[in-house]
Amino acid sequence: MIGAFTAGGDVPRLTTALNQGLDAGVTVNQVKEVLVQMYAYAGFSRSLNGIGTFMTVLEQREDKGIKDESGPGTSLLPDGTGILALGTANQTELTRAPATGPMFDFAPAIDEFLKAHLFGDIFSGDNLDWRSREVATSPRWPRSSARSHTCGRNSPSASTPA
């Protein structure tokens, strides 16, 4: 629900969800990764507001003597990584077919942004698996187009909580 409350700008409910997530064992870096990813679904302002709210939650928890696990950070991609090619491969693997269609023909820049930044830069982060990313953002997607251009329902998964 962290993704949904971030997208909706519901700070009180986001605060509760952040505390519940941390109490359940979600790491600080996993939450940060979800909040960063939300910019692609809800915009920079909502993502930044979510990050600011999370910083406040962490400060409040620290003041109460609660030490939250940081968890591993996202590894940087090696220099020279072809991010557009990597993103295209990630998107194709997730959707099980190349993403094509009239929307991408009409506005080719959005196709490049999706492939290079969302599926290249963000989905290549290794501190959340693809299933966790899908779970974190799926409450934000409209039902009719939830998976038409992003992730497939059967994306690879591991045991990382979202």
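Tutor: Contact here means heavy atoms within 4.5 Å, and helices (H or I, at least four residues) and strands (E, at least two) are DSSP runs, numbered from the N terminus. The model is predicted, so local features need pLDDT of at least 70 and side-chain atom pairs count only at pLDDT 80 or more, while totals for chains, interfaces and linings use all residues. Residues are numbered from 1 along each chain as its sequence is written, and side-chain values use heavy atoms, with hydrogens and water left out.

The expected span of a helix is 1.5 Å times one less than its number of residues. For the 15 residues of helix 3 that gives 21 Å, and the end C-alpha atoms are 21 Å apart, which agrees.

Burial comes next. Buried means under 20% relative accessible area, exposed over 50%, and partly exposed in between (1.4 Å probe, protein chains only). The buried residues are V28, N29, Q30, V31, E33, V34, L35, Q37, M38, Y39 and Y41. Their cover includes helix 1 (2–8), helix 2 (11–23), helix 4 (44–63), helix 7 and helix 8 (130–137).

Q37 of helix 3 is a case in point: its relative accessibility is 1%, so Q37 counts as buried. Leaving aside residues up to four places away in sequence, Q37 touches I122, F123, R133 and T137.

Now the packing against helix 7. Two packed helices are described by the angle between their axes and the distance between the axes. On the side of helix 3, the contact is made by E33, Q37, Y39, A40 and Y41; helix 7 supplies H117, L118 and I122. By class, this contact has five nonpolar, two polar and one charged residues (nonpolar: Ala, Val, Leu, Ile, Met, Phe, Trp, Tyr, Cys and Pro; charged: Asp, Glu, Lys and Arg; polar: the others, Gly among them).

Just after helix 3, G43 has a positive phi of about 100°.
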